[in-house]
Number of protein chains: 2
Amino acid sequence: MNYKTTVEVILRSTILDVQGKAVENAIHSLGEKEISNVRVGKKITFNVAAENNSNAEIIVKSICDKLLANPIMEDFTFKIEQITNGLEN
Amino acid sequence: MNYKTTVEVILRSTILDVQGKAVENAIHSLGEKEISNVRVGKKITFNVAAENNSNAEIIVKSICDKLLANPIMEDFTFKIEQITNGLEN
């Protein structure tokens with residue numbers, strides 16, 4: 001069965017987000033001073049072929065641990081949805 | 001009032017996602033061949049100070065249009081939640 005997976009990777013809140021700070025400065029220089037605490041993370045989507053939901057979870061967790069997230073600086077969350085016919089894209 | 005905003009920016013599906021392809025190849029070289037159609041987007045979170053929800057929406061939409069998303073290649077979605085005392089971080 002095919003599963004659509006969405007992984008979100010964000011820097012831990014204790015770690016300075018340099019990219020977020022740069023975006024915040026750019027927003028302020030556009031004149032929007034109401035914005036604060038900008039943080040930039042990644043949203044990664046992919047399809048997984050697996051026998052069942054729990055197998056898909058094991059595969060996705062392993063990929064996040066090994067490759068998608070830096071375990072020292074980043075946290076990740078993921079969600080898995082089964083793709084039914086007609087919804088696949 | 002303060003609003004917590006989450007913006008997701010993804011490349012349009014018709015546009016080749018080079019970063020996603022690189023991640024896909026890296027995943028395959030780890031031995032996980034069940035993965036396909038990897039796409040990498042951005043998830044940006046920030047706080048907005050605005051009078052009310054619709055003002056916050058106007059500010060966020062303007063920032064997305066001007067800075068966070070490339071209107072030619074990317075689509076964005078956002079959601080805005082009011083921050084109540086004790087939940088702010």
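1. Which residue stands opposite K42(A) in strand 2 of chain B? K42(B) does.

2. Strand pairing. Strand 2 of chain A, residues 35-49, pairs with strand 2 of chain B. The sense is antiparallel, and the pairing runs over 11 bridges. The K42(A) and K42(B) positions face each other within this pairing.

3. Confidence. Chain A has a mean pLDDT of 93. In that chain, 94% of residues reach 70 or more. Among the elements of chain A, strand 2 has the highest mean, 97. Helix 2 (residues 53-68) of chain A has the lowest, at 95. Where pLDDT is low, the predicted coordinates should not be read in detail.

4. Extent of the interface. Contact involves 29 residues of chain B and 29 residues of chain A. The two chains bury about 2,600 Å² between them. Carbon and sulfur atoms account for 60% of that area. On the chain B side, L30(B), E34(B) and K43(B) supply 20% of the area buried against chain A.

5. Polar contacts and composition. Between chain B and chain A, 12 residue pairs are in polar contact, both residues being at pLDDT 80 or more. Three elements of chain B each supply at least two residues of the side touching chain A: helix 1 (18-29), strand 2 (35-49) and helix 2 (53-68). Strand 2 of chain B gives the most, with 15 residues. By class, that side of chain B has 15 nonpolar, 7 polar and 7 charged residues.

6. Salt bridges. Over all chains the count comes to 8. K43(B) lies in strand 2 of chain B and E8(A) in strand 1 (residues 2-11) of chain A, so this pair joins two chains. The closest N and O atoms of K43(B) and E8(A) are 2.8 Å apart, inside the 4 Å cut-off for a salt bridge. Between chain B and chain A the count is 2 salt bridges.

Methods: Residues numbered from 1 in each chain as written. Chains lettered and ligands numbered in written order. Predicted model: local features only at pLDDT ≥ 70, side-chain atom pairs only at ≥ 80, totals over all residues. Heavy atoms only, no water. Contact = heavy atoms within 4.5 Å. Buried area = accessible area lost by both parts, 1.4 Å probe. Salt bridge = Lys/Arg side-chain N within 4 Å of Asp/Glu carboxyl O. Polar contact = N/O pair within 3.5 Å; in protein donor to acceptor, adjacent residues only side chain to side chain. Helix = DSSP H or I, 4+ residues; strand = E, 2+ residues; numbered from the N terminus. Nonpolar A, V, L, I, M, F, W, Y, C, P; charged D, E, K, R; others polar. Pairing = 2+ DSSP bridges. pLDDT = per-residue confidence, 0-100.
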